[in-house]
Each structure stands twice: as C-alpha cells, then as structure tokens.
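Work through the exercises below with the model open beside you. Try each task before you read its solution.

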Amino acid sequence: MALINFGGVEENVITRDEFPLSKAQDVLANETVAIIGYGVQGPGQSLNLQDNGIKVIVGQRQESKTWDKAIADGWEPGVSLFPIEEALERASIVCYLLSDAAQIQLWPTVKKHLTAGKMLYFSHGFGVAYAEKTGIVPPADVDVALVAPKGSGTSLRRLFLEGKGLNSSFAIHQDATGKAKDRIVALGIGVGSGYLFETTFIKEVTSDLTGERGTLMGAIQGLFMAQYEVLRANGHSPSEAFNETVEEATQSLYPLVAENGMDWMYANCSTTAQRGALDWKDKFHAATKPVFEELYASVVAGTEAQRSIDSNSQADYREKLQEELDELHNSEMWRAGKAVRALRPENAPAIKEEELV
C-alpha cells in the first residue's frame with residue numbers, strides 16, 4: 001500500500017505501482033470470472049478484464065436485449081457467453097452486477113452455485129449491507145468483496161481505452177479463503193481502476209446513495225432547473241439560459257475543476273466571476289447543507305434503500321421509470337440542450353469549400 005496525504009489526513013491506498021497488472025494476472029491466473037448482468041457496469045468491467053488478460057465469461061438471459069448486446073460486443077455463445085446458471089457453475093469468481101432489485105430476485109439461483117472457495121464480487125454494497133431487506137446472506141465458506149468504480153460503466157470503459165482509469169473503492173465483507181484481499185485488489189486493477197481505497201460495504205452504500213441523490217445527480221439537476229427557470233422567467237432565451245446554466249459548466253468550468261481543483265477553476269475565471277462566486281458560495285452552502293443532512297439521515301435510516309426496493313421491484317417499474325425520464329427529456333431545458341450540443345463545433349457538419357466562397 002501507498003500512504004497518501006489527503007488534505008492533511010493520511011490514508012493507505014493501492015496503486016498500480018505496488019500492485020501492477022502483471023501481479024493481478026498472476027493472482028487471477030487460475031480463476032474464471034463470470035459477469036452476471038450486462039447492463040450498467042457489466043460491459044465495461046467484463047471487456048476491461050478481458051483486455052487485461054483475465055479469463056472472463058458473461059452470464060445473461062437468452063433471448064434478451066442484453067444477450068444481443070453481449071454478442072455485439074464480441075462475446076460468443078457457448079464459448080464466453082452462457083445462460084446465467086451455466087456461467088455460475090463455470091465460475092470461480094461471480095461478479096454480481098445486476099441491479100439491486102434484480103439481485104434480490106435472482107439470489108436463490110446464485111446462492112446454490114456458491115460452493116466453497118468461490119468469491120462473490122459486488123460493485124455496490126447494497127445487497128449485503130441491507131441483508132435484512134434483501135435476503136442476500138452469502139454462505140460462510142465463500143469470499144465476499146466489492147470493487148466500486150467511482151463512475152459509470154460507460155466511463156470506466158472509455159477511460160480504459162484512453163489509457164486512463166477511474167478511482168475505485170474496495171471492501172472485504174468475508175475472507176473465507178485467506179486470499180480475498182489479493183483476489184479483490186487484482187480484480188480492481190483488472191477492471192481498470194486508477195487507484196483503490198479501502199472502505200466497508202455499509203460505508204460504500206451510504207456514501208453512494210448520498211452522492212447519487214446529491215451532487216452527482218439529484219442535487220445538480222435541481223440546481224440546473226432552478227437557475228434555468230429563473231433566467232427564463234426573466235426574459236432570457238432558452239439558448240442563453242441553457243448555455244449559462246449547463247453548457248459553460250460542463251464544457252468549460254467542470255473540466256478545470258477535474259484538472260486541478262476548484263481554486264484552479266477560480267483562477268482561470270474573471271475577477272468579477274471570482275468575486276461573485278466567493279460572495280455567494282456560503283449562501284448556497286447554508287441553504288443546501290440542511291437538505292444534505294436530511295438526505296444522509298434518510299440513507300442511514302434505510303428509508304432510501306426500502307424505497308428503491310419497493311419501487312424497483314414493481315412489475316411496471318421500467319415503464320414508470322421511462323415516464324419520469326421522458327419528462328426530463330421533453331422539458332424545455334433539455335430540449336434546448338440537445339440543440340446546443342448539436343451546435344458544438346465537433347458535432348457540426350463539415351462546411352463545404354464552396355460554402356466559404
């Protein structure tokens with residue numbers, strides 16, 4: 001492990017320097033990794049592992065869109081793509097990457113194939129952390145651990161192909177073989193993690209549920225909507241309102257934050273922008289912190305987990321979800337966004353030479 005100072009607090013993390021890919025390949029040399037679920041995380045993790053020289057198979061329902069997607073991605077039926085139960089039988093490491101609701105439904109099938117010495121791998125602590133709600137209690141004679149990339153499976157794959165990586169957390173819930181740490185760290189390196197920091201299943205799910213509902217998705221959408229609506233109500237055009245609310249943030253300012261931090265972004269803005277941001281940040285902090293405290297309390301109490309289970313387990317869940325997503329998609333703000341994105345120089349059609357004359 002490497003001891004890194006994070007803002008004055010020292011933490012042990014695992015980097016590719018002390019745990020290189022070659023070591024990960026050695027640790028996993030005799031393992032068969034089965035990816036169960038080919039939705040959000042499955043494609044990116046499976047393809048990255050395969051490209052990194054790890055033996056991977058995919059388990060998926062036949063005659064489904066995701067089965068067809070797996071074939072389109074190069075997985076071959078009967079060779080590297082199998083029905084779920086056959087993949088579970090063949091695996092020594094089961095990567096359980098279905099949605100939380102689907103994990104609950106499939107758990108009896110998965111559990112019967114978890115024979116002694118296997119590893120059960122997650123990328124989210126939900127199922128195990130909320131075992132009293134999900135019923136997911138692994139057998140005592142298997143390793144149970146997680147690697148949680150800090151981003152979507154799409155980003156994980158894209159950054160891997162660019163020679164980069166996403167930071168990931170890892171946690172060990174159960175070490176039955178005495179090899180759980182080496183196995184899970186090797187998998188973390190194999191899926192393309194930039195570095196790995198240690199957590200627990202409950203801390204991972206608590207921070208994850210808070211982040212998704214907060215600054216990663218829910219809060220940022222709420223902030224975008226509020227500012228856009230105020231600008232529109234005061235006579236600004238959709239183009240101006242969207243550019244000032246979303247486009248400048250995502251295309252100009254947020255990349256500067258990612259590059260070197262918030263102070264770097266401030267330093268690369270006008271003094272007028274700096275003054276305004278510094279004057280107003282405390283007001284936004286005071287206004288939103290109580291909401292985050294309420295959110296965190298709801299996560300810790302299990303309310304958010306129960307709501308997810310209840311809503312996502314309904315037979316018409318996908319239809320209801322699509323209705324809510326369509327509401328976002330069809331709102332003026334995001335229809336304006338579609339037009340704005342189409343006008344980005346990289347998306348504009350090439351201008352013909354005769355049009356310049």
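The exercises cover helix packing, salt bridges, a surface patch, a loop residue and a strand residue.

This is a predicted model, so local features need pLDDT of at least 70, side-chain atom pairs count only at pLDDT 80 or more, and totals for chains, interfaces and linings use all residues. Residues are numbered from 1 along each chain as its sequence is written, and side-chain values use heavy atoms, with hydrogens and water left out.

**Exercise 1. Describe how helices H2 and H8 are arranged.**

Step 1. Two packed helices are described by the angle between their axes and the distance between the axes.

Step 2. Find H2 at residues 42-51 and H8 at residues 153-161. Helices (H or I, at least four residues) and strands (E, at least two) are DSSP runs, numbered from the N terminus.

Step 3. The two axes come within 8 Å and cross at roughly 25 degrees. Axes are lines fitted to C-alpha atoms, for helices over the stretch in contact, and angles run from 0 to 180 degrees between N-to-C directions.

Step 4. H2 is therefore roughly parallel to H8. The cut-offs: under 35 degrees is roughly parallel, over 145 roughly antiparallel, 65 to 115 roughly perpendicular, and the rest oblique.

Step 5. Now list the residues that meet. H2 supplies Gly44, Gln45, Leu47, Asn48 and Asp51. H8 supplies Gly153, Leu156, Arg157 and Phe160.

**Exercise 2. Examine the salt bridges Arg90 to Glu86 and Asp279 to Arg275.**

Step 1. Apply the rule: a side-chain nitrogen of Lys or Arg lies within 4 Å of a carboxyl oxygen of Asp or Glu. The whole structure holds 14 salt bridges.

Step 2. Arg90 and Glu86 are joined at 3.1 Å, N to O. Both sit in helix H4 (residues 84-90), four residues apart, which is about one turn of the helix.

Step 3. For Asp279 and Arg275, the closest N and O atoms are 2.9 Å apart. These residues are separated by about one helical turn because they are four residues apart in helix H14 (residues 271-300).

Step 4. Check exposure. Buried means under 20% relative accessible area, exposed over 50%, partly exposed in between (1.4 Å probe, protein chains only). Arg90 is partly exposed at 46%, and Glu86 is partly exposed at 34%. Asp279 is partly exposed at 42%, and Arg275 is partly exposed at 46%.

**Exercise 3. Which residues make the nonpolar surface patch of about 340 Å²?**

Step 1. Recall the rule. Patches are made of residues with over 30% relative accessible area and no salt bridge; like charges are joined within 9 Å, nonpolar side chains (Val, Leu, Ile, Met, Phe, Trp, Tyr) within 5 Å. Areas come from the Shrake-Rupley method with a 1.4 Å probe; for residues, only the protein chains shown count as cover.

Step 2. The patch is made by Leu223, Trp280 and Phe284.

Step 3. Leu223 belongs to helix H11 (residues 218-233). Its relative accessible area is 42%, so Leu223 is partly exposed.

**Exercise 4. Are Glu63 and Ser169 buried or exposed?**

Step 1. Glu63 lies in the loop between strand E4 (56-59) and helix H3 (65-72). With a relative accessible area of 81%, Glu63 is exposed.

Step 2. Note the backbone too. Glu63 has a positive phi of about 55 degrees, although it is not a glycine.

Step 3. Ser169 is in strand E9 (residues 166-174). At 2% relative accessibility, Ser169 is buried.

Step 4. Look at what surrounds Ser169. Beyond neighbours within four places in sequence, its contacts (heavy atoms within 4.5 Å) include Leu146, Val147, Phe197 and Glu204.
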